[in-house]
Amino acid sequence: MELLTIKPELDILSIEEELELLDKLLDAEKNSIKSTNRTILRYGNSIYGNVKLDPIPDYLLDLSNKLIDKKILDTFPEDITINIYYPGDKISPHIDKIDAGPVITILSLLSEAKLILTYGSKKENILLPSRSIIQLKGVYRTHWKHSIEKLNQKRISIVFRQSGK
């Protein structure tokens, strides 16, 4: 399957683990960069932007190891991006840079969002519940644009990337 959605029922994170992670993320938010459509925190070796990146914090290293243990991630990510969306924020249709690797893994937290995938006249809508993971790979990664509709509630996503080099 080229697009893999993993639902929260598969016990990726418990509600308690989500709350603990949210506490750490909201504390880290003080060091974020506000873009036009969301607030961003980048860690590791990112191909996005010309900013000095902080090393991946321990709590995200632990989360990455958990996702590797659950066979969701194949290898340790080089780049972890935290996107913080406030009511009214959205993300326009785009394809992540090819250098960001063959698989983009996205963990949704706090509230649900609708992911819209488009390719020419084709369109797919996917509901991303809190604590769910979606992976974009294959043609969904390289040819289909993805976007997030304007949000009514605060949402956080954690994006894991492994360089395609």
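Strands are DSSP runs of E with at least two residues, numbered from the N terminus. A pocket, on a 1 Å grid over the protein atoms alone, is an open set of points where a 1.4 Å probe fits, with protein on both sides within 12 Å along at least five of seven lines; lining residues have an atom within 4 Å of a point.

This is a predicted model, in which local features need pLDDT of at least 70, side-chain atom pairs count only at pLDDT 80 or more, and totals for chains, interfaces and linings use all residues. Residues are numbered from 1 along each chain as its sequence is written, and side-chain values use heavy atoms, with hydrogens and water left out.

**Stop one: the largest pocket**

Select Arg38, Ile91, His94, Asp96 and His146, which lie nearest the centre of the largest pocket among its 22 lining residues. Two or more lining residues come from each of β4 (79-85), β5 (91-94), β6 (104-109), β10 (145-148) and β11 (155-161). Colour β11 next: with 4 residues, it gives the most to this lining.

**Stop two: the second largest pocket**

Now select Leu73, Asp74, Thr75, Val103 and Thr105, the closest to the centre of the second largest pocket, which 14 residues line.

**Stop three: strand β3**

Select residues 39-44, strand β3. Finally, pick isoleucine 40 and look across to asparagine 83 in β4, which stands opposite.

Definitions and conventions:
Buried means under 20% relative accessible area, exposed over 50%, partly exposed in between (1.4 Å probe, protein chains only). Two strands pair if DSSP finds at least two bridges between them.
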